[in-house]
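Try each task before reading its solution.

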Amino acid sequence: MGIDVNKWMHYLSALGVMFINPYDSSADIPGRDAGHPANFNQFTALDLTMAPVIDQYINLMAKIEDMASEITGVSKQREGAISSNELVGNVERSVIQSAHITEPWFWVHN
């Protein structure tokens with residue numbers, strides 16, 4: 001790619017990438033033999049700051065989908081989301097009413 005080592009190191013440090021040398025002898029780690037890698041876990045924290053934001057976006061998309069189906073007149077029963085405690089007549093009535101609401105849209109499309 002035509003990038004020398006110094007430029008790579010500059011970009012990696014700017015992005016927050018840090019290399020760890022487990023064989024480093026400058027750190028006084030008790031119980032470690034010289035020449036063997038250190039047994040440690042440098043990364044004890046997990047950054048979950050984006051998790052609530054992603055959750056909010058998912059909830060926002062679900063709300064937009066619900067609003068779009070409500071505005072266009074497509075009921076949950078017509079989409080196939082029928083709960084076990086709904087009566088057959090109510091589901092049929094909901095599907096028929098939804099068909100009557102969306103019939104002009106299909107007519108315009110054709």
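**Exercise 1: Val91**

Val91 counts as buried, with a relative accessibility of 11%. This is a predicted model, and Val91 is found in its helix H4.

Task: Work out why Val91 counts as buried, and find which residues Val91 touches beyond four places in sequence.

Solution. 
- Step 1: Take the relative accessibility of Val91, which is 11%.
- Step 2: Compare with the cut-off: buried means under 20% relative accessible area. Val91 therefore counts as buried at its 11%.
- Step 3: List the partners. Not counting residues up to four places away in sequence, Val91 touches Gln77, Ile82 and Glu86.
- Step 4: Check a distance. Val91 and Gly80 are eleven residues apart in sequence, and their C-alpha atoms are 9.8 Å apart in space.

**Exercise 2: before helix H1**

Task: Locate Asp4, classify its accessibility, and find the backbone nitrogen that lies 3.2 Å from a polar atom of its side chain.

Solution. 
- Step 1: Asp4 sits in the segment before helix H1 (5–15).
- Step 2: Its relative accessibility is 45%, so Asp4 counts as partly exposed.
- Step 3: The backbone nitrogen belongs to Lys7, and lies 3.2 Å from a polar atom of the Asp4 side chain.

**Exercise 3: a nonpolar surface patch**

Task: Name the members of the nonpolar patch on the surface, and classify Met61.

Solution. 
- Step 1: The patch is formed by Met50, Val53, Ile54, Tyr57, Ile58, Leu60, Met61 and Ile64. Together these residues have about 790 Å² of accessible area.
- Step 2: Pick Met61, which lies in helix H2 (residues 51–72).
- Step 3: Met61 has a relative accessible area of 46%, so Met61 is partly exposed.

**Exercise 4: the whole chain**

Task: Describe the chain by its elements, its burial and its confidence.

Solution. 
- Step 1: The chain has four helices and zero strands, running α-α-α-α from the N terminus on.
- Step 2: Of its 110 residues, 8% count as buried. The chain exposes about 10000 Å², and carbon and sulfur atoms supply 61% of that area.
- Step 3: Among contacts between residues at least 6 apart in sequence, 24% join residues at least 24 apart.
- Step 4: Mean pLDDT for the chain is 78, with 76% of residues reaching 70 or more.
- Step 5: Among the elements, H2 has the highest mean pLDDT (91) and helix H3 (residues 76–79) the lowest (76). Where pLDDT is low, predicted coordinates should not be read in detail.

Notes: Residues are numbered from 1 along each chain as its sequence is written. This is a predicted model: local features need pLDDT of at least 70, side-chain atom pairs count only at pLDDT 80 or more; totals for chains, interfaces and linings use all residues. Side-chain values use heavy atoms; hydrogens and water are left out. Patches are made of residues with over 30% relative accessible area and no salt bridge: like charges are joined within 9 Å, nonpolar side chains (Val, Leu, Ile, Met, Phe, Trp, Tyr) within 5 Å. Accessible areas come from the Shrake-Rupley method with a 1.4 Å probe; for residues, only the protein chains shown count as cover. A salt bridge is a side-chain nitrogen of Lys or Arg within 4 Å of a carboxyl oxygen of Asp or Glu. Helices (H or I, at least four residues) and strands (E, at least two) are DSSP runs, numbered from the N terminus. Buried means under 20% relative accessible area, exposed over 50%, partly exposed in between (1.4 Å probe, protein chains only). pLDDT is the predictor's confidence in each residue, from 0 to 100. Contact means heavy atoms within 4.5 Å. A polar contact is a pair of N or O atoms within 3.5 Å; within protein, one must be able to donate a hydrogen and the other to accept it, and residues adjacent in sequence count only if both atoms are side-chain atoms.
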